[in-house]
Amino acid sequence: MKDNTALILIDMINKMDFEGGEDLLENTKPIVDPIMKLKKQAKELGLPTIYVNDNFGLWQEDVENVIEVCRNERGQEVVEQVLPEKDDFFIIKPKHSGFYSTQLDILLSHLGVKNLILTGVAGDICVLFTADDAYMREYNLWVPSDCTASETEGDNDNALRLMKRSMFANIQPTTKVNIESAFQQTKQ
């Protein structure tokens, strides 16, 4: 089961320079360690890590430029902790869903992935929309509750409940389940 799984980090390379960005940044700080522990587990299991990130209006889709711009903004503290490694994939998205107008679905198909671990921000927008598109493409989902954040905890909790109810996502935190057991309970 684990060899057809990928870890997705959504919008973790982020300027946080928008209205509500301060709140999102504060709520994002506690999810960094659980995400990085998941990334370490994924690497140990030989699973791909895929950053799916907003382009922040940088339409040339230069990954290094997106990272550099975000390193010099409010979100710098988080960006420095979650920087991609050379063997990680990095997909730049123009809208909320990681699937919309990107090569994510093609990459996942090429990698033989059927199980997605969705992490990142904002749980009630980009993570939710990516989860919905993934569900419609028949991916199994684990969205660890300790690996997503939104501007408010209430909005994040509502999004997680919706993903559990409507997309059959496992939303258990990383403290309760690991990569190898996360997809045993999901709709197959």
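Phe-90 in strand 3 is the bridge partner of Tyr-51. The model is predicted, with local features needing pLDDT of at least 70 and side-chain atom pairs counting only at pLDDT 80 or more, while totals for chains, interfaces and linings use all residues. Residues are numbered from 1 along each chain as its sequence is written, and side-chain values use heavy atoms, with hydrogens and water left out.

Strand 2 (residues 49-54) and strand 3 pair in the parallel sense over five bridges; pairing requires at least two bridges found by DSSP. Helices (H or I, at least four residues) and strands (E, at least two) are DSSP runs, numbered from the N terminus. Strand 3 is largely enclosed by the rest of the structure, because four of its five residues are buried. Buried means under 20% relative accessible area, exposed over 50%, and partly exposed in between (1.4 Å probe, protein chains only).

The largest nonpolar core has 32 residues, and Leu-38, Ile-117 and Trp-142 are among those with the most contacts inside it. Helix 1 gives the largest share of this core, seven residues. A nonpolar core is a set of buried Ala, Val, Leu, Ile, Met, Phe, Trp, Tyr and Cys residues joined through side-chain atoms within 4.5 Å. Leaving aside residues up to four places away in sequence, Ile-117 touches residues including Leu-38, Trp-142, Ile-179 and Phe-183; contact means heavy atoms within 4.5 Å. A second, separate core of 27 residues includes Ala-6, Ile-10, Leu-116 and Ala-169.

| Residue | Phi | Relative accessible area |
|---|---|---|
| Asp-11 | about 55° | 4% |
| Met-16 | about 55° | 1% |

Asp-11 also lines the largest pocket, where Asp-11, Asn-14, Phe-18, Ala-122 and Cys-126 lie nearest the centre among 12 lining residues. A pocket is an open set of points on a 1 Å grid over the protein atoms alone, where a 1.4 Å probe fits, with protein on both sides within 12 Å along at least five of seven lines; lining residues have an atom within 4 Å of a point. The space in this pocket is about 190 Å³. Ala-122 is in the loop between strand 4 and helix 5 (123-136), and the peptide bond to Ala-122 from Val-121 is cis, with omega near -20°.

Asn-156, in helix 6 (residues 153-167), counts as buried at 6% relative accessibility.

Conventions:
Grid points are joined across faces, edges and corners, and a volume is the space filled by probe spheres set on the points.
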